[in-house]
Protein chains: 2
Amino acid sequence: MRTFGDRVVERCRKVGNPICLGLDPRIELMPEGGGDDPVSAIRSFCERVIDLVADKVAAIKPQAAFFEAWRARGFEVFEQVCRYASERGLVVVADVKRGDIGSTAAAYAHAYLAAHGDDEPFAHAVTVNAYLGSDGVRPFTDVGALTARGIFVLVKTSNPSSGEIQDRKIDGGLTVCEQMALLVSEWNEPRGETGYGPVGAVVGATYPQHLATLRGHLPGSILLLPGYGAQGASAEDVVPAFDDQGQGALVSASRSLTFPWAKEGAVPANWENRILSAVAEMHDDLARVLR
Amino acid sequence: MRTFGDRVVERCRKVGNPICLGLDPRIELMPEGGGDDPVSAIRSFCERVIDLVADKVAAIKPQAAFFEAWRARGFEVFEQVCRYASERGLVVVADVKRGDIGSTAAAYAHAYLAAHGDDEPFAHAVTVNAYLGSDGVRPFTDVGALTARGIFVLVKTSNPSSGEIQDRKIDGGLTVCEQMALLVSEWNEPRGETGYGPVGAVVGATYPQHLATLRGHLPGSILLLPGYGAQGASAEDVVPAFDDQGQGALVSASRSLTFPWAKEGAVPANWENRILSAVAEMHDDLARVLR
């Protein structure tokens with residue numbers, strides 16, 4: 001059976017890189033700012049970015065919070081943007097970090113990974129917080145399995161305070177995030193023909209010392225690596241996440257690709273070229289270290 | 001400064017119980033089913049339930065997943081239902097279990113706890129998954145502090161698999177959920193005039209053996225206790241969560257209050273009375289054990 005992992009590997013081969021563009025639409029950094037209708041402006045901007053990168057990156061990861069901040073209309077645009085990207089061939093990771101149990105998790109799984117009438121599902125994968133254990137994960141894998149959709153479970157996040165819980169050593173000598181990785185590995189069945197299954201893991205590239213260890217605990221999981229670029233991780237830092245064929249991970253970058261002008265005072269007139277240049281630069285940077 | 005904890009204590013005193021009605025609108029259990037327009041039916045049903053219980057319970061906890069399952073329109077109704085309950089005096093806990101970092105968490109905090117133009121904020125509190133540590137919590141406490149709004153952090157959840165991560169023993173001899181409780185206690189500042197602060201904790205009443213220990217680690221946190229009723233916890237089980245004045249916790253019940261007919265084949269004609277009876281019974285059951 002074709003799995004979500006197969007989908008990711010195939011897509012990365014097709015575009016020749018493992019780039020996942022993180023789409024965090026921040027009004028204050030957008031070309032026309034919010035204008036009178038910020039929600040429509042977000043939709044236009046996101047669709048324009050998708051047009052620019054659709055044949056140049058493997059995946060796109062819209063961050064739900066920046067849409068939900070605009071409430072129901074923002075949520076509507078979140079769905080529209082996810083579908084727009086999917087129709088253009090991108091693997092779509094809805095970054096919703098949902099995590100609940102039983103029938104509640106099933107409701108989320110239905111919302112994001114199931115077809116709705118004639119509409120294709122919203123996204124190919126969602127991010128999931130599995131602090132609640134298996135009860136919060138199975139409903140997603142149940143819904144997603146038949147259509148090669150999956151999830152990314154938060155294992156080791158890229159932020160400064162991630163160690164407060166995730167790095168604590170537990171009884172068997174493993175850390176909490178390593179224990180989470182072992183659970184992910186149990187949930188990650190069946191593996192597809194590429195060897196990769198439906199349950200991936202989020203592992204921050206900002207902690208390269210953890211990456212090789214966690215990769216070892218996560219055979220057959222696609223790793224989603226935030227932290228490259230604006231958060232400081234380099235191409236060399238992400239190498240241990242890939243298998244010997246240069247497959248098995250997505251390297252995510254948000255601000256450095258979507259808003260390369262973030263540290264400048266104003267949005268440059270050639271902002272579209274700036275995005276294309278940033279993507280090309282990341283492509284070359286990763287190509288240099290992956291084979 | 002008046003805190004979210006003060007708000008909860010005041011409200012419980014006013015209605016004479018610590019009941020939090022969990023609102024999980026399941027179409028298949030609703031009086032008119034979905035009908036042709038399930039999203040409108042959800043809104044009508046939820047508003048009717050709120051009318052019934054507005055002066056009889058302390059709080060209401062709409063579960064976002066059952067609204068999000070209907071996507072943008074469901075999200076709109078989620079907001080309408082939250083506001084409707086707030087206008088009728090209920091403490092509103094939006095059960096969204098969000099958890100993200102930095103500016104992303106700030107976007108969620110803004111969505112749920114900040115005023116929008118002339119509109120009051122969406123809810124008085126949200127549930128938060130703090131696997132990512134302090135970075136995911138501070139933005140909520142920053143936004144909510146001035147208006148006595150707060151959060152409930154997932155500490156020990158009520159579901160069967162919660163122990164897979166939460167019960168693992170870490171280096172200092174504490175379990176992961178106890179370590180989370182210590183973090184909650186650090187985040188829970190300032191305490192209000194009742195001694196309760198802005199950061200509460202979700203602790204499943206289905207694990208009474210943990211409840212007294214966790215209460216000890218969580219001075220000044222309002223505890224939100226799911227698991228009473230349909231999930232099997234009794235009034236006796238929740239007693240250790242309360243202080244010697246019978247304050248400091250909310251006992252949450254969803255299916256047993258909102259759908260007391262869930263195990264019967266059909267919705268009874270007197271469904272409104274059934275809800276009122278279930279609430280009265282829970283009120284009496286808790287009054288029996290709390291002083």
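In β3(B), which residue is the bridge partner of Ile60(B)? The partner is Val92(B). Before going on, some bookkeeping. This is a predicted model, where local features need pLDDT of at least 70, side-chain atom pairs count only at pLDDT 80 or more, and totals for chains, interfaces and linings use all residues. Residues are numbered from 1 along each chain as its sequence is written, and chains are lettered from A and ligands numbered from 1 in the order in which they are written.

Helices (H or I, at least four residues) and strands (E, at least two) are DSSP runs, numbered from the N terminus. Two strands pair if DSSP finds at least two bridges between them.

Let me stay with chain B. Its 8 strands form a closed barrel in the order β1-β2-β3-β4-β5-β6-β7-β8, with parallel pairing. From one strand to the next the twist averages 30°. For angles, axes are lines fitted to C-alpha atoms, for helices over the stretch in contact, and the values run from 0 to 180 degrees between N-to-C directions.

Now the strands around β1. Strand β1 (residues 19-23) of chain B runs parallel to β2(B), and 4 bridges join the two. Leu21(B) has Ile60(B) as its bridge partner in β2(B), and Gly22(B) has Lys61(B) there. On the other pairing, β1(B) meets strand β8 (residues 249-253) of chain B in the parallel sense over 3 bridges. There, Leu21(B) is partnered by Ala253(B), and Cys20(B) stands opposite Ser252(B). Moving along from β2(B), 2 bridges join this strand to β3 (residues 91-98) of chain B, again parallel.

Next, burial. I call a residue buried if 20 or more other C-beta atoms lie within 10 Å of its own, exposed if 12 or fewer, and partly exposed in between, with C-beta atoms placed from the backbone. In β1(B), 5 of the 5 residues are buried, so the strand is largely enclosed by the rest of the structure. Ile19(B), Leu21(B) and Leu23(B) point one way, Cys20(B) and Gly22(B) the other. In a regular strand the side chains alternate between the two faces of the sheet. Strand β2 (residues 59-62) of chain B is also covered on both faces, with Ala59(B) and Lys61(B) buried on one side and Ile60(B) and Pro62(B) buried on the other.

What about the core? A nonpolar core here is a set of buried Ala, Val, Leu, Ile, Met, Phe, Trp, Tyr and Cys residues joined through C-beta atoms within 7 Å. The largest one has 199 residues, and Val153(A) and Val153(B) touch the most other members. Contact between two residues means that their C-beta atoms, placed from the backbone, lie within 7 Å. Leaving aside neighbours within four places in sequence, Val153(B) is in contact with several residues, among them Val128(B), Met180(B), Val199(B) and Ala201(B).

One loop residue deserves a stop. Thr206(B) lies in the loop between β6 (199-203) and α9 (208-217) of chain B. Is Thr206(B) buried or exposed? With 21 C-beta neighbours inside 10 Å, Thr206(B) counts as buried. Not counting residues up to four places away in sequence, Thr206(B) touches Ser158(B), Gly227(B), Gln231(B), Gly232(B) and Ala233(B).

Over to chain A for the helices. Helix α1 (residues 4-15) of chain A lies across β2, β3, β4, β5 and β8 of chain A, running at about 130° to β3(A). Helix α8 (residues 176-187) of chain A packs on the sheet, touching β5 and β6 of chain A, and its direction makes about 160° with that of β5(A).

Last, the two chains together. The contact takes 42 residues from chain B and 42 residues from chain A. On the chain B side, the elements giving two or more residues are α3 (64-68), α4 (71-87), α5 (102-113), α7 (163-166) and α8 (176-187). The largest share, 6 residues, comes from α5(B).

How are the copies related? Chain B can be laid on chain A with an RMSD of 0.0 Å by a turn of 180° and a shift of 0.0 Å along the axis, superposing by least squares on the C-alpha atoms of residues with pLDDT of at least 70 in both. That is the relation of a two-fold axis. In chain B, the C-alpha nearest the axis belongs to Ile170(B), 2.0 Å from it.
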